[in-house]
Amino acid sequence: MVQETIRVYARLKPLGRRQQAGIYSVDDEKSLPSLEIIVPHDLADGFINNKRESYKFKFHKIFDQEAKQDVVFDNIAKPVAECVLAGYNGTIFAYGQTGSGKTFTITGGAEHYNDRGIIPRTLSFIFDQLQKDSSKVYTTHVSYLEIYNECGYDLLDPRHDASRLEDLPKVTIIEDSDQNIHLKNLSLHQATSEEEALNLLFLGDTNRMIAETPMNQASTRSHCIFTIHISSKEPGSATLRRSKLHLVDLAGSERIAKTGLGGHLLTEAKYINLSLHYLEQVIIALAEKNRSHIPYRNSMMTSVLRDSLGGNCMTTMIATLSIDKRNIDESISTCRFAQRVALIKNEAVLNEEIDPRLMIVQLKKEIQELKDELALVTGKQRTSELSQEELLQLDESIELFLKDNDPDSTLDVGADMRKIKYCFIRLKQLLNHSKASDKKQLLQHISEEKDANEAEKEELKKMKELLQQRNNEINILINMIKKEKKKARDALFQLNTASAGSTVLEQSLSINLNESRSPFSCSSLKEAKDFGSSFHRSSFLCRKPGEKMSLGCQEAFEVFKQDHADSITIEDHKQLLKQRFAEAKCLGEKLNEEKDRINHLKGAITQRHIQRAALAVSSPSEELNKLDPVEEKLRRQIEEGKQSYKTMFNHLKGLKIEIEHLQLLMEKAKMKLQKDFEVWWSEEATNLQQEKPEMVNSSNTATTYPQFIKSSQHLSTNSFSETSRVSPKEDTVEKRNSIAPSNPTSEIRTPSTSSVPLTGDSQADADILAFIKARQNILQKKGLGNK
């Protein structure tokens with residue numbers, strides 16, 4: 001890569017007969033020659049003119065009025081042409097006002113042979129060099145583009161003579177994804193000799209737009225770009241070099257007011273100045289360091305010359321100056337533009353690429369050689385596909401690899417890329433198959449869950465209908481019990497006020513009175529007891545496993561659990577589980593330590609290989625080919641570590657199975673304990689219903705069992721446990737004592753002692769509390785209350 005600024009040269013046009021020379025001086029003594037232009041003050045009418053008088057500009061070289069065409073070519077175009085032959089892109093363009101000598105410098109004059117310009121001399125130099133260099137094969141093409149009124153035309157189009165300019169196809173710009181410029185409708189003509197190239201140049205010059213202006217009799221009214229494309233390649237090499245040389249002749253840069261043009265020529269001058277204005281904007285943007293956007297797309301000329309300005313190109317500018325006193329201001333403007341161009345840096349890169357056709361031939365040859373070499377080593381010719389036996393062996397290897405639980409196991413299929421690709425394809429198929437089966441199972445599971453949910457909904461609907469029917473029956477029974485209970489209370493109240501006899505007589509009278517006045521009460525109460533007990537039992541057993549128990553039920557469960565045989569088993573299982581969990585945790589830590597140690601030993605072996613390889617490079621000897629005892633020791637340690645790792649891993653698997661078995665046993669014991677408690681609790685509720693039939697007085701019988709749990713929260717754990725553990729015989733005695741106390745009148749009136757009659761939930765709570773207190777008193781009399 002060559003990085004340098006654009007080279008800027010200045011050429012002064014000789015003066016004509018009637019032209020008056022301006023004041024200037026050329027200084028060639030320094031490293032960079034300088035041109036000084038002096039503008040004398042105008043003191044007309046006595047006014048003082050404070051404008052600048054001296055202007056000084058630096059160029060790489062300044063060609064004075066006596067400079068010949070061959071000198072200009074040798075200093076400007078010849079170095080660029082040599083770089084183009086070497087594979088770099090190049091550009092030479094002339095800039096200046098109309099009549100300053102741009103076309104003469106680029107193309108040359110037609111009167112004398114020595115007046116040839118840069119283009120014909122460059123073509124002659126290039127073809128001479130191509131004939132001298134026989135080590136490469138060169139191909140040369142030529143194109144000639146004209147930009148007239150901001151539209152592109154092909155000057156080498158054979159239809160130029162027979163058609164109008166408006167009817168010719170226009171050259172358009174196409175930009176690819178890499179921001180490379182391609183010109184559509186621009187023909188590329190091959191030139192095998194200097195004569196063919198010059199003929200193409202003369203054909204294009206005859207088709208250029210030329211008109212007479214006040215400043216020049218044959219003024220070019222367009223920008224022209226003559227491009228030479230060169231491609232070179234060494235015989236047998238795949239590297240191809242492509243380069244191009246742009247030779248640009250710009251139109252005049254003078255101000256429109258100074259030309260005195262009008263009509264069609266004025267329109268041409270406007271387009272010329274507009275395109276040069278866009279060129280100056282690009283030059284200014286490239287000269288600024290922090291500028292991110294360069295306006296190349298503003299005009300066609302700047303788009304075509306994108307590589308020449310700040311890109312991959314070696315660019316040279318020739319500033320043509322007319323040192324006539326009338327044109328001194330235009331010359332100063334041209335020099336200022338040249339100074340801005342000199343600040344631009346280009347990065348020229350050698351344009352090399354690989355010839356695809358030759359590369360394909362070389363690769364095919366290399367593949368065939370490699371196949372022959374492989375067949376020579378293996379003893380058999382390798383085909384593009386695997387045999388059936390090899391496929392079966394690979395399937396077995398893949399199956400064994402997937403079944404192996406060792407994390408360090410590998411799938412070794414050798415260095416055959418066919419086998420490696422087949423293994424990857426097979427593994428991908430197995431993975432997709434497992435995903436599809438998992439998805440199918442998931443869909444099946446979802447459908448089963450839907451069916452189960454629908455069945456549960458149907459069953460729940462039936463249970464709700466049955467529950468509503470039972471609720472209706474219970475309400476009917478409760479109303480009947482309330483009526484009979486009210487009749488019995490009225491009879492007892494009348495009997496107490498009328499009789500003052502003995503306790504035995506009152507007891508018999510009250511019993512007879514109850515039997516005579518309420519013949520339906522016994523049967524109705526018995527039916528209510530049976531129905532209430534069955535309802536409570538069913539409601540308790542229908543409780544969901546995840547449903548939270550009440551506080552009283554939890555206290556009763558804790559007391560029941562203490563003396564149950566399965567609680568000891570559960571505690572033993574808990575202790576054993578803790579021990580097994582601790583062993584598994586310790587074993588897991590040891591496994592991690594062993595794995596880290598194996599990885600450390602592997603790293604030590606790798607480090608040992610690197611050290612031995614470095615030692616073999618620095619000081620090769622026969623001893624390095626022997627076995628390394630240190631490496632053998634490390635490998636033995638790795639094998640021992642792997643054996644220990646497998647042993648501990650198997651032990652850990654056994655612990656895992658044992659832990660899962662213990663957890664299953666604990667779960668079964670807990671379920672059995674909970675089931676036994678539910679059976680015992682439902683039996684206690686049934687017994688309580690038989691002893692206290694008034695509990696069914698509640699208007700909402702479905703909530704009786706939760707009320708019992710709520711009322712039992714106020715009892716202590718000891719009293720509840722003692723009451724629940726009474727034998728069946730004692731339980732019958734307690735029933736008799738509670739039903740027939742020594743003072744029946746006061747005992748029977750207990751539910752109605754409050755000033756307001758209890759109904760609903762409060763009535764049931766009071767009855768249950770009175771029943772439990774009576775059982776506590778009986779136990780205390782028997783000597784069991786202190787336990």
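**Confidence**

Keep in mind that this is a predicted model. The protein chain has a mean pLDDT of 75, with 73% of its residues at 70 or more. Helix α3 (residues 118–132) is where confidence is highest, at a mean of 94. At the other end sits helix α20 (residues 744–748), where confidence is lowest, at a mean of 35.

**A three-stranded sheet**

Now to a piece of the fold. An open sheet is built from 3 strands in the order β3-β4-β5, with antiparallel pairing. On the edges are β3 (23–27) and β5 (54–58), each of which pairs on one side only. On average, neighbouring strands here are turned by 15 degrees against each other, if direction is ignored.

Between β3 and strand β4 (residues 34–38), the antiparallel pairing runs over 5 bridges. Within that arrangement, Ser25 stands opposite Glu36 in β4.

**Aromatic pairs**

There are 6 aromatic pairs in the structure. Two of them are set out here.

| Pair | Centre distance | Plane angle | Type |
|---|---|---|---|
| Phe73 and Phe125 | 6.3 Å | 65 degrees | edge-to-face |
| Tyr144 and Phe226 | 5.1 Å | 85 degrees | edge-to-face |

Why does the pair of Phe73 and Phe125 count as edge-to-face? The planes of Phe73 and Phe125 are at 65 degrees, and the edge-to-face class is for planes over 60 degrees apart. Phe73 belongs to helix α1 (residues 69–86) and Phe125 to helix α3, so this pair ties together parts that are 52 residues apart in sequence. Both Phe73 and Phe125 are buried.

The pair of Tyr144 and Phe226 links distant parts of the chain too, with its residues 82 apart. Tyr144 is in strand β8 (residues 137–148), while Phe226 is in strand β15 (residues 223–233). Tyr144 is buried, as is Phe226.

**Nonpolar cores**

Which residues have the most contacts inside the largest nonpolar core? They are Leu35, Phe59, Leu250, Leu279, Leu309, Met317 and Val341, in a core of 45 residues. Helix α6 (residues 264–287) supplies the largest share of this core, at 7 residues.

A second, separate core has 37 residues, including Phe63, Val72, Val84 and Val142.

**A buried threonine in a loop**

Finally, take a look at Thr107, which is placed in the loop between α2 (102–106) and α3. Is Thr107 buried or exposed? Its relative accessible area is 15%, so Thr107 is buried, given that the limit for buried is under 20%. Beyond its neighbours within four places in sequence, Thr107 is in contact with Arg116, Gly117, Ile119, Pro120 and Asp205.

Methods:
Residues are numbered from 1 along each chain as its sequence is written. This is a predicted model: local features need pLDDT of at least 70, side-chain atom pairs count only at pLDDT 80 or more; totals for chains, interfaces and linings use all residues. Side-chain values use heavy atoms; hydrogens and water are left out. pLDDT is the predictor's confidence in each residue, from 0 to 100. Helices (H or I, at least four residues) and strands (E, at least two) are DSSP runs, numbered from the N terminus. Two strands pair if DSSP finds at least two bridges between them. Axes are lines fitted to C-alpha atoms, for helices over the stretch in contact, and angles run from 0 to 180 degrees between N-to-C directions. Rings of Phe, Tyr and Trp (its six-membered ring) pair if their centres lie within 6.5 Å; planes under 30 degrees apart count as stacked, over 60 as edge-to-face and the rest as tilted. Buried means under 20% relative accessible area, exposed over 50%, partly exposed in between (1.4 Å probe, protein chains only). A nonpolar core is a set of buried Ala, Val, Leu, Ile, Met, Phe, Trp, Tyr and Cys residues joined through side-chain atoms within 4.5 Å. Contact means heavy atoms within 4.5 Å.
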